[in-house]
Amino acid sequence: MLGKTAFELFPQDVAFRLDRRNHNVIATNQALLETEDVGTSQQGETRHFKSVHFPLQDEHGAVVGMGGIATDVTDSLIAEERYGAIIRSSMDAFMMVDEEARLLEVDDAACELSGYTREELLRLRVSDLDTAVDEPKLQAAMRNIARDGSSRIDSRWRRKDGELRDVELSVQCLVYGGVPRYYCFVRDISGRKAAAARIEYLAHHDLLTALPNKLLFQQQCHEALLNAEREGRNCALVYLDLDDFKAVNDTLGHAVGDALLCELAARVRTLIDEHGLACRVGGDEFLTLVGDAGDQQRLAAFAERTCLACRARAARRHLPDLHRLPRHRPFPE
């Protein structure tokens, strides 16, 4: 290559660009940083270079030539392009965060998830979005991620419009030049959380009255009895059953029968105290746990209040009165 000109070494268009830059550097006596595309003889392949052109001076400061350093960045540019394509096509939101929890870079999915524009997000910190952690917890979490290298976290973020979203964060900490950067992929799992909560609810509640079912009632009773034993309280189990409920369904229809059961469940809820529990056993049968039954007299008073609540005229006209509930027999001494 020694002794040859750029026109002898490179394609004509590349040689013209190099020659023009060389003249600019010599004329201005200023260095010039450029990105250059240079074609090679290998099947027309184009390589990308980061280059700096600088003037050469003699001992008097006069420009006597120019020099240049070119670094082939083709592979890194291809990697960046692929990385950017992956980020842009990902359904997850992407955020790059610095050691102060400031957002440095976000993608379109992050804007859609948060409701903020890109410019607005780049003025925020993670703590402006995350409602599940305060500043000390956030800093502790970031230290742990920096120590372990990565982490997966469930949290809750607040959108710009105030709506809360359950999110799952996959965080990778990479250090460049001694400076940590946190690469976060954020997935909206609100639907998954809601589905799981719905399944959990259906497994433990009566769909018609929203009261606990037998399974949940048994679990709650076990805990309530342990607490009552520790606190020295007496508990009592009260069983309620509607007489001739089938006649309601047969004469007024199942819709009215269901409304009757819902009304009874609502009245039962008003009777239990902070220690009490209630459930629908099935059909027209209900159970209540009186968490602080006291003596027989207090329990009898509770039973009487229950009968009065059930006999009261319904507030909604389409509901029949609950006069068919039987009176409780007196409690034995």
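In these legends to a predicted model, contact means heavy atoms within 4.5 Å.

**Figure 1. Surroundings of Val-186 in the predicted model.** Leaving aside residues up to four places away in sequence, Val-186 touches Asp-92, Ala-93, Leu-113, Trp-157, Val-167, Glu-168 and Leu-169. Val-186 is also one of the residues of the largest nonpolar core that touch the most other members.

**Figure 2. The largest nonpolar core and another core apart from it.** The largest nonpolar core holds 26 residues. Those touching the most other members are Val-97, Leu-103, Leu-121, Leu-129, Tyr-182 and Val-186. At least two residues of this core come from each of strand S4 (93-97), strand S5 (103-106), helix H4 (108-114), helix H6 (135-148), strand S7 (164-176) and strand S8 (179-188). Another core, of 21 residues, lies apart from the largest one and includes Leu-211, Leu-242, Phe-245 and Leu-299.

**Figure 3. Ser-155 and its contacts.** Ser-155 is part of strand S6, which spans residues 150-158. Ser-155 counts as buried because its relative accessibility is 9%, and buried means under 20%. The side chains of Ser-155 and Asp-130 are joined by a polar contact of 2.6 Å. Not counting residues up to four places away in sequence, Ser-155 touches Asp-130, Ala-132, Arg-165, Asp-166, Val-167 and Leu-169. Val-167 and Leu-169 are also among the residues that Val-186 touches.

**Figure 4. The largest cavity and its lining.** One cavity of 30 Å³ or more is found in a search of the whole structure. The largest cavity has a volume of about 40 Å³. Its lining is formed by Leu-113, Ser-114, Trp-157, Arg-158, Arg-159, Arg-165 and Val-167. Helix H4, strand S6 and strand S7 are the elements that each give two or more residues to this lining. By class, three lining residues are nonpolar, one is polar and three are charged. Of the residues named here, Arg-165 and Val-167 are also touched by Ser-155.

**Figure 5. The largest pocket.** The volume of the largest pocket is about 460 Å³. Of the 21 residues in its lining, Met-1, Ala-6, Leu-9, Phe-10 and Leu-18 are the closest to the centre of the pocket. Two or more lining residues come from each of helix H1 (6-9), helix H2 (12-28), strand S1 (32-39), strand S2 (46-57) and strand S3 (63-72). Strand S3 gives the largest share, five residues. The lining comprises twelve nonpolar, six polar and three charged residues.

Terms used
Residues are numbered from 1 along each chain as its sequence is written. This is a predicted model: local features need pLDDT of at least 70, side-chain atom pairs count only at pLDDT 80 or more; totals for chains, interfaces and linings use all residues. Side-chain values use heavy atoms; hydrogens and water are left out. Helices (H or I, at least four residues) and strands (E, at least two) are DSSP runs, numbered from the N terminus. Buried means under 20% relative accessible area, exposed over 50%, partly exposed in between (1.4 Å probe, protein chains only). A polar contact is a pair of N or O atoms within 3.5 Å; within protein, one must be able to donate a hydrogen and the other to accept it, and residues adjacent in sequence count only if both atoms are side-chain atoms. On a 1 Å grid over the protein atoms alone, a cavity is a set of points where a 1.4 Å probe fits but cannot get out, and a pocket is an open set with protein on both sides within 12 Å along at least five of seven lines; lining residues have an atom within 4 Å of a point. Grid points are joined across faces, edges and corners, and a volume is the space filled by probe spheres set on the points. Ala, Val, Leu, Ile, Met, Phe, Trp, Tyr, Cys and Pro count as nonpolar, Asp, Glu, Lys and Arg as charged, and the others, Gly among them, as polar. A nonpolar core is a set of buried Ala, Val, Leu, Ile, Met, Phe, Trp, Tyr and Cys residues joined through side-chain atoms within 4.5 Å.
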